[in-house]
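This briefing is intended for reading alongside the sequence and the three-dimensional view. Please keep both at hand.

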Amino acid sequence: MACVTVPIVEAVITTITAKVVEEKEAKAIKNIGEENLPEQEKMPFSRKLKWLNNMLWGGSGLLVFEHIWHCEIVPWFPFLTAASDAADTAAMLHEMATAGVGMSLLVTAVWLAMVGISSAVEKKALKEQTSEN
Amino acid sequence: MTLLITVFAAAVCTAVWYKTDSRSEMKLGTLCMIYWGAALMWLVDAVFEFVEVKAEYFTPAPKDMLNDAFLGFSAVALGLVIWLAVLLIEDPKGVIKETLLKKH
């Protein structure tokens, strides 16, 4: 019904967070000076946050399409067909609290796993590089 | 069916991303994330539907299955269109810029 609104809200928050983190990283590089940066370094966290943004925005986009397909989202007020009836609204809110939150949690959990694995790979690669030198 | 089609699209995209050398120039990672994000969300949807209808979930009516398949392929097509829009707007290879600023 409207479960997709939860990942959309999360996507807005993570997009703003990614912008802030990106600016901070750019400032840090400016302070250090690009010439002082190591030859090989870890992937910036802002880039990893973009993975989450892409998953949330992309997934939400296709799910919104599915909701339009099933006439659950309409181009006129209140946009969600379930919002025009009190009983349907209660069911919609329940679906947002269960399926919607579940979607956000699963996507975030998969992203956390991706960040964990990529960090481990980066650490291993950097360790191998320092031991070679 | 929608979930299955999206998972296939995500898996194929990821394999292409891994194999190709121009993955960042073609923004293939973005396409992979679009499909994986949708697949994960539809997976949650499927789990909740399975809890609700139990074994009936695996024996859909042919009409529903056809509609779901049609939806799945349309969703994959929409994902491709979104990816293409991102690719042309960000223009990592500078093709659009070069075409627009071509001197005659």
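Predicted model: local features only at pLDDT ≥ 70, side-chain atom pairs only at ≥ 80, totals over all residues.

Residues are numbered from 1 along each chain as its sequence is written, chains are lettered from A and ligands numbered from 1 in the order in which they are written, and side-chain values use heavy atoms, with hydrogens and water left out.

**Cysteines**
- The closest cysteine sulfur to that of A:Cys3 belongs to A:Cys71 and is 16 Å away, which is too far for a bond.
- A:Cys3 is buried, with a relative accessible area of 1%; buried means under 20% relative accessible area, exposed over 50%, and partly exposed in between (1.4 Å probe, protein chains only).
- B:Cys13 is likewise in no disulfide, and the nearest cysteine sulfur, that of B:Cys32, is 4.9 Å away.
- B:Cys13 is buried, at a relative accessible area of 10%.

**Overall form of chain B**
- Chain B has 4 helices and 0 strands, where helices (H or I, at least four residues) and strands (E, at least two) are DSSP runs numbered from the N terminus.
- The radius of gyration of chain B is 18 Å, whereas a compact globule of 104 residues would have one near 13 Å; the value is taken over C-alpha atoms, and the globule rule is 2.2 Å times the number of residues to the power 0.38.
- The C-alpha trace of chain B spans about 65 × 25 × 20 Å along its principal axes.
- Of the 104 residues of chain B, 32% count as buried.

**Helix 1 of chain B**
- The buried residues of helix 1 include B:Thr2, B:Leu3, B:Ile5 and B:Cys13.
- Seen down the axis of helix 1, its buried residues fall within an arc of 165°, so they line one face of the helix; the arc is that of the directions from the helix axis to the C-beta atoms.
- These buried residues pack against helix 2 and helix 3 (62-90) of chain B.
- On the other side of helix 1, B:Phe8, B:Val12, B:Tyr18 and B:Lys19 are exposed.

**B:Thr30**
- B:Thr30 lies in helix 2 (residues 28-53) of chain B and is buried, with a relative accessible area of 11%.
- Leaving aside neighbours within four places in sequence, B:Thr30 is in contact (heavy atoms within 4.5 Å) with A:Asn54 and B:Val86.

How values were computed:
Disulfide = S-S within 2.5 Å.
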